[in-house]
Number of protein chains: 2
Amino acid sequence: MFKRSKPGGEVIGLLLDSVAAAQSATPPWRLAPAGWEDVRYAERVDPFLLVKAEIDSVSERLRRGILSGIPVLERAAEYFFKLGAEGKRLRPTMLLLMASALSTVGPPADFFLSVDERPANIHPMEQRRRQQRVAEITEMIHVASLMHDDVIDSANTRRGLMALNSVFGNKVAILAGDFLLARASVTLAALRDSEVIQLLSQVIEDLVTGEILQMTSTEEDLLSLEFYARKTFFKTASLMANSCKAIALLGGQPAAVAQLAHDYGRHLGLAFQVVDDVLDFTGSALALGKPALNDLRSGLATAPVLFAAQEHPELLPLIQRKFRSAGDVDTAQRLVFASRGIERARELAAQHASLAVCAVEAMPPAATTHALQCRDALLAITERVLTRSK
Amino acid sequence: MFKRSKPGGEVIGLLLDSVAAAQSATPPWRLAPAGWEDVRYAERVDPFLLVKAEIDSVSERLRRGILSGIPVLERAAEYFFKLGAEGKRLRPTMLLLMASALSTVGPPADFFLSVDERPANIHPMEQRRRQQRVAEITEMIHVASLMHDDVIDSANTRRGLMALNSVFGNKVAILAGDFLLARASVTLAALRDSEVIQLLSQVIEDLVTGEILQMTSTEEDLLSLEFYARKTFFKTASLMANSCKAIALLGGQPAAVAQLAHDYGRHLGLAFQVVDDVLDFTGSALALGKPALNDLRSGLATAPVLFAAQEHPELLPLIQRKFRSAGDVDTAQRLVFASRGIERARELAAQHASLAVCAVEAMPPAATTHALQCRDALLAITERVLTRSK
């Protein structure tokens, strides 16, 4: 049975403000039969299956858009979008579910499940197509940032495959990232919605800011959970928060509902990243598709280590020297597992997941059964994020 | 005395279509006294001096915008905008002159010469401020593309200084470029003008396309003047063309006038780049701030070599192997100087400069004496571009 863990004093002041009100509200839209509440969301609905056909058409459009360009770049950019390598599709799934969760017209017509063949710079009139464009833009921005981050962090693997920069060289990785960002900007401009354009342009700046924060962190920053939270917002949560808000705005929702959509994306993003940081300790290299302890080896101190350091202050100098001395990585790993670091990081992730749930529950009543089902799916995603093993 | 060279059959079909009509038109706006026509534009007006105060305030705003960020990046990005290293300021000068050339209200009030302190994401109401933003965005996009190109081309010097990637490392160069592009997108979004946003987003894509064309050129491409022209449009002229068009649109000009502004920027950009390519042969390393024959050494065949190859077909294999065999650079240099390559490239540049002049002359009558003076300055720039030695 799914029990929501209420956020408590433990939450280290992590961005908890905006859904404080939402928490106390009783879900006004729940129409499920009695007893239904006791079943885990994840057992009632598969969030990924619910929008799969539409996601497939968005993915196909992404692939074709890149293929319609220039040979070498195609090979490079397609590398990220080809079938089987496109990742968990968490972002587009979340966005299309949010679109339907707030829709008044039921499931999208078959027409919207076909591949939209119009060029990126042509303004799409239909609301659903505009929302699909946001899913597409979000994925392009996400992948572009992965490409540049891989060069910056000198990564060798990504999603279990060789990272693009290893296969094609840094130059192509830079260019392919630039191409995706440029194509995202062109697609965004064609939406002709000033607020949405501003939101998603800001996301690109936030991603860069996050990467810069990471690169330029001081010894003091490295020890700070607040700094970790801020960096995580910029690097992961901003994109999810602002793209969810864009979906709500394009759906004609008022500012208050758009803010709830934003809160959902933000807290889901924070939960997702904290779990990612936990999995770097607990997952196997095979399941993760990248070496475990990758963060420690890169000198990054994430939530598990930062919590562990509160119990084992001998970790502090290791964090400050970015685990560079011989044996540091092993010592840090040992101390993390000898502490409540993993457990407290999981609690932090659960608190964010819980706040994401609150944001959905605070939304005005669902207009259709399909909208209700999609809200359940949004809740199911928060569970999936917490329980995933890769 | 300045004689306009009319474009002839020699022009290798380079993008000559759009101002064909303009050419035959008599300048309708010229109000200068008799005899004035015989004086070179460049002797009548210093285009750079005419807008210097306003350019200074735009540059100061650019510097402050970068300084308001994060320490390491500031050092990196400021590197390009600090006094003395900001280059020729050709683009912002051209743009503010274009704004005034089409204005009906005379020179900008003193208010507009002060530094605009509003954040990038705040919509500026005043027409002149919006036009200044385009100058700022254009410079940010230009510098960002230089930063990434330097990493991609592994350049060591730029503007006579060590290139950013040499000083701070490739990672910071990538990030700083990303930061500028992101900031440009945020600034652009705040203009809230769909057409302008689309124009300048397309420019970013064109710049990437140009770099990709260069990186992925086939042996056949390398021999082709048409390919050279296309690449030059994407890498240099698109930014100048579309930013000029944006200035006209923000100035409330109709589509036909905006197109003339576009044509001016495009032909000036093409002339500028062809001259740049000539200077790589004729300039000294000291004046250029970079080693002469840099293009040949990088494997690039530009206009002088391509024209020379029409007289000396023995150049063709050297071009195709990107001057990689021992002695290739010296042989190519010798054959270029033994041919009319330099002369024909200069003619090509002059033809484009002449078409830029035609575009200005085809504009509707200037509304004020100041507008007239700024049109003269736009013409003077076309001369400067042809006669510059660095």
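**Aromatic rings and their surroundings**

Author: In this predicted model, Phe112(A) is buried, with a relative accessible area of 16%, which falls under the 20% limit. Phe111(A), by contrast, counts as partly exposed, because its relative accessibility of 46% lies between the 20% and 50% limits. A pair of aromatic rings is described by the distance of the centres and the angle of the planes. A search of the whole structure finds 6 aromatic pairs over all chains. One of them joins Phe111(A) and Phe112(A), whose ring centres are 5.0 Å apart and whose planes stand at 70°, so this pair is edge-to-face. The rings of Phe233(A) and Phe234(A) are also edge-to-face, since their centres lie 5.8 Å apart with the planes at 65°, and both Phe233(A) and Phe234(A) are buried.

In chain B, aromatic rings also have charged groups over them: the charged end of Arg129(B) sits over the ring of Phe111(B), 4.8 Å from the ring centre, while that of Arg388(B) sits over the ring of Phe272(B), at 4.2 Å from its centre. Helix H7 of chain B covers residues 127–153, and 25 of its 27 residues are buried. From first C-alpha to last, H7(B) reaches 39 Å, close to the 39 Å expected at 1.5 Å a residue.

As for how the two chains are related, a rotation of 180° with 0.0 Å of shift along its axis superposes chain A on chain B, with an RMSD of 0.0 Å, and that is the relation of a two-fold axis. The copies meet through the same surface, because 100% of the interface residues of chain A are also interface residues in chain B.

Conventions:
Residues are numbered from 1 along each chain as its sequence is written. Chains are lettered from A and ligands numbered from 1 in the order in which they are written. This is a predicted model: local features need pLDDT of at least 70, side-chain atom pairs count only at pLDDT 80 or more; totals for chains, interfaces and linings use all residues. Side-chain values use heavy atoms; hydrogens and water are left out. Copies are superposed by least squares on the C-alpha atoms of residues with pLDDT of at least 70 in both. Contact means heavy atoms within 4.5 Å. Helices (H or I, at least four residues) and strands (E, at least two) are DSSP runs, numbered from the N terminus. The expected span of a helix is 1.5 Å times one less than its number of residues. Buried means under 20% relative accessible area, exposed over 50%, partly exposed in between (1.4 Å probe, protein chains only). Rings of Phe, Tyr and Trp (its six-membered ring) pair if their centres lie within 6.5 Å; planes under 30 degrees apart count as stacked, over 60 as edge-to-face and the rest as tilted. A charge sits over a ring if NZ of Lys or CZ of Arg is within 6 Å of the ring centre and within 35 degrees of the ring normal.
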